[in-house]
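The points below are meant to be read with the sequence and the coordinates at hand.

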Amino acid sequence: MKFKKLLFSTTLLIPFFATAQKSVVPEVKVVNERNAQPMELQDLSVDIFVVGQIAVTTMEMTFYNPNSRVMEGEFQFPLADGQQVSRFALDINGKMREGVVVDKTLGRKAFEDIVRRGVDPGLLEKTEGNNFKARVYPMPAKGSRRILIAFEQELLECNGQDFYFLPINANLTLKNFNIRTEVVSRMVKADIQNSLQLDFQQTRNSYISQLSKQNYTLNQSIALTFPKVDKPQIITATQGTHTYAYANMGIGKQPYKSKPTPKTLAILWDVSHSAAKRDQRKEIEFLDTYFSQVKNVKVILNTFHIRTAPSLTFEVKNGDWEALKHHLQSLQYEGATDANAIPFTTQCDEYFLFTDGIFNFGAKEFELDKVAAQIKTPVSVINTSLVANTTKMQFLAATTGGSWVDLTTRTLPDALVDIRTVPFRLLDITVKKGKLANIFPEKGIALSQPNLSFSAELLSEEATLLVSVGYPNQPIVQKELLISANPNASKTQFELLCRIWAEKQIAQLQRFGADQKQIDALGRQYGIVTEGNSLIVLETVDDYLRYRITPPEELLQEYSKRLAIEKTQKEDEVKNRIEHLLKQSEAQTQWWKTDYPIKGTNPKIREEDSYAIMELSSSNQELAEEVVVAGYSNSRRRQRTASPPPPPPANRPLATEASQSRMLVYEDSMSADMAKKDEAFSEEALPSAVSSPEITLNVYNPDTPYLKVMEYADENQALATYYRLKKEYGNTPAFYVDIADYFFKKGNAEQAILVVSTLAELALDDPQLLRMLGYKLSSYGAKKEAIQVFRKVAELREEEPQSFRDLALALADDAQFDEAAKNLYKVVVGNWNNRFGDVCLVTLNDLNSLIAQHKTINVSYMDKRLIKKEPVDVRVVLSWDTDNCDMDLWVTDPKGEKCWYNNPKTYLGGKISRDVTQGYGPEEFMLKKAPKGDYKVEVNYFGTTSQKQLLPVSLRITFYTNFGSTAQKQQEITVRLNNAKDLIEVGKFEF
């Protein structure tokens, strides 16, 4: 039979929601450096299933890669508060493969390892707040991939009706668009004019609508409205001896209980970079209406980002707050957010906190539960940001007795009621008959909607319970509910109610500040994505076995069978790793004990290296450059693996006969000079190392238009110039690094730290940006802040040894030597991917140097065979912040011999570690005895195997003299390379 028509429109029954929520269709952004075309959404299928107050939305999308290069797709989408991802699937060999929940670190490690093998994984992660990121590889060149994402939510209430809203907010031109809607046992009412109509048909106790369109422009959001159900809705599902119950009951219009009007109000205003994305217009409207109601109040304003600004006091009289409004509208937003900078010590009657709750910076961790317990004044939190950590803010408001006001989902009149009244609360759920256990939420929760929903486990055939809501010690609404088992429910319905119950339990734990590990464990048990979990799709059973990830049902039987016969010997693996490292260490010891130069050997001066030691005229310099261009770029060939590189080819092709002729002239012209240099550096003439070597670092000045503007601007107008330039370049990470360097060179370290901290806000949980931030903070002397950044990177990338090495070096720089040694030793004995080269040996050298300099370090837990004292005159270490990039360290000694991957040991005894072609480094050069002269250090950006569009790569080069002794000195420089084949001279040693 025909039912009523469902309508689509951006002009909803409540237009507020059409503008408040961001589109759920994932954004696929391409990083701006490579001018790649964005991924195109071609097909979209939406399935909406509503049962009781629960709605499950499933979106299957086909994305097309218009580029001629295979790429990794990165999909970002925020969900509204209360929405929870329940499925993630990816097409594998033409069929959709379901994702499974894994520990976040394990999921990322598996994903990135498999991407390097060119196989098809997919990964969905939760970042800060209720924001999600899906990574898919490969997105084939001129090809497409299908991705499926599903999420659950409870219906909200507005204007006396329940409603469902799916924000699209985009003009999407689709080849194919399909929508299917099924509503179980509920009427669907259409109240919107001039919109797409859908016909519903009744099938048993459901109303179903289906629509298919080709070459369709979707420019409207999806809205369903439902007449309010007066009686409680109770849904149960039984499988075997287990029954889950879900209940929703209306509590009617709540009688308002007004709060006392504050005489002194403290406004805490977040002015970090991300805060500029808040809906400030809506915040101003909120305050305008609030002050018009309270009339007279003293306002103390504190702004904060990574620091707290001095307090400003304003008097609001008869609702007039123009002075405060003008000041708020003139604020500049910059830097990261340190929650420890929020001044909760102001004497006031109530706090209004305006923030997105995403705290990503600081010299110490912000312990929300401890801070909230110490605050004696109510903190009301006002949120207008679509990307926000609502859980933290709800916890802070609830714990301090304040209000949670979410202006992304609440109308302005409702928000004013929220802020000025005591919230309705769940007072108690009393089981009068039968058995009901693990009821969530627990009593005490504030109720912002005119209905209450809860989940529980039913332990008897039926149970009767009494639900009480109202104000503390003042019940207003009491209802008695009867819950019965339902053995006829489908498996799908049972799984849905089980997951809803687990989600409510997780929400309860988050609300009261439970340990994140407990929350993550519960999420893995019930297949729910949390901050510490991910959903992953792998291609083969071998991949699931390799990482011990339980596969989806279709592969489970084969996985279990093979797992039963595969035995791992972890103790033997650890022993083998240590033995391998001992062999490497012994080989290094033999090198250290060898006296160089060895008789009968000669320096290896390759044609393309010779220009480094010649004093050429300007014409000869041009000739030398042409020789290098003609020969070097075509001569180097190697496989991009972590194994040692092959020997260099015997012959190298030249560009033209003319270039051959010029090269022969060049070679002849330098032969006499080379002979003289050989004589000067004969074995007998080699001096011993001098005692006071110097490190000279080259000035690094990136050639960027905004720096030219800064340099020419009046120094007194530097900040204003920066703010003006930020409008144009503010989405470019390098801009903040360069501007921070500018301020630091001008002696303004405080401003430099504030500017560079913005990197933490440009992308949530981005390890590359965080590494870059950590390096710069270290160079600016912000030691505690750098440590916290590297701790975050270690959490995000604990499968990568560089994370712990970076953290250890930052700890050592802050004189936390024992913790530094523990992190270094973790790298030394860890089981790392072979692509990270000689990271264990390089880090062992760091560790032994630290022990040699600080005798009090506890070494009792270390293998004594690894602890050695082998000081060297010269050491250079190169590391970088971007994965799958191939950087090369070159050191040219006074004889003109270059130590690099193709010449790992030199005539003078220089030694370089194994070439890292797919990781972050480190690469290390060492020379035990340094003869007199200059040692030039260069870095070459050889190439990248990354399938993502890359940011410029930041390099960290550390120069050491007298390394491994108490006389050790070091200097560090960070530079940036934009493209493969970039070559930069970073400094030199002068002996």
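1. The largest nonpolar core of this predicted model comprises 69 residues. Within this core, the residues with the most contacts are Tyr-722, Ile-739, Phe-743, Leu-773, Leu-777 and Leu-847. Helix α17, spanning residues 733-745, gives the most to the core, with 8 residues. As a general background, nonpolar side chains tend to be buried together in soluble globular proteins.

2. Beyond its neighbours within four places in sequence, Ile-739 is in contact with Tyr-706, Leu-707, Met-710, Tyr-722 and Val-755. Another core, of 50 residues, lies apart from the largest one; Met-39, Phe-77, Ile-179 and Tyr-216 are among its members.

3. Helix α17 also packs against helix α18 (residues 749-756), at an angle of about 175° and with the axes 7 Å apart. Because angles over 145 degrees count as roughly antiparallel, α17 is roughly antiparallel to α18. On the α17 side the contact is made by Tyr-736, Val-737, Ile-739, Ala-740, Phe-743 and Phe-744, and on the α18 side by Ala-749, Gln-751, Ala-752, Val-755 and Val-756. By class, the residues of this contact are 10 nonpolar, 1 polar and no charged.

4. Strand β23 (residues 350-354) has 5 of its 5 residues buried, and is therefore largely enclosed by the rest of the structure. Both of its faces are covered: Glu-350, Phe-352 and Phe-354 are buried on one side, and Tyr-351 and Leu-353 on the other.

5. Two pairings of β23 should be noted. Strand β20 (residues 264-270) runs parallel to β23 and is joined to it by 5 bridges, with Leu-265 standing opposite Glu-350. Strand β24 (residues 379-383) is likewise parallel to β23, through 4 bridges; here Val-379 is the bridge partner of Tyr-351.

6. Antiparallel pairing is found in an open sheet of 5 strands, ordered β37-β38-β34-β40-β41. Its edge strands, β37 (911-912) and β41 (969-977), each pair on one side only. Inside the sheet, β34 (residues 872-880) and β38 (residues 923-927) run antiparallel and are joined by 5 bridges. Leu-878 has Glu-923 in β38 as its bridge partner.

7. Finally, some totals for the chain. It has 24 helices and 42 strands, and 57% of its 991 residues count as buried. Among contacts with a separation of 6 or more, 74% are between residues 24 or more positions apart.

How values were computed
Residues numbered from 1 in each chain as written. Predicted model: local features only at pLDDT ≥ 70, side-chain atom pairs only at ≥ 80, totals over all residues. Heavy atoms only, no water. Core = buried A, V, L, I, M, F, W, Y, C linked by side-chain atoms within 4.5 Å. Buried < 20%, exposed > 50% of the residue type's maximum accessible area, 1.4 Å probe, protein only. Contact = heavy atoms within 4.5 Å. Pairing = 2+ DSSP bridges. Axes fitted to C-alpha atoms, helices over the stretch in contact; angles between N-to-C directions. Parallel < 35°, antiparallel > 145°, perpendicular 65-115°, else oblique. Nonpolar A, V, L, I, M, F, W, Y, C, P; charged D, E, K, R; others polar.
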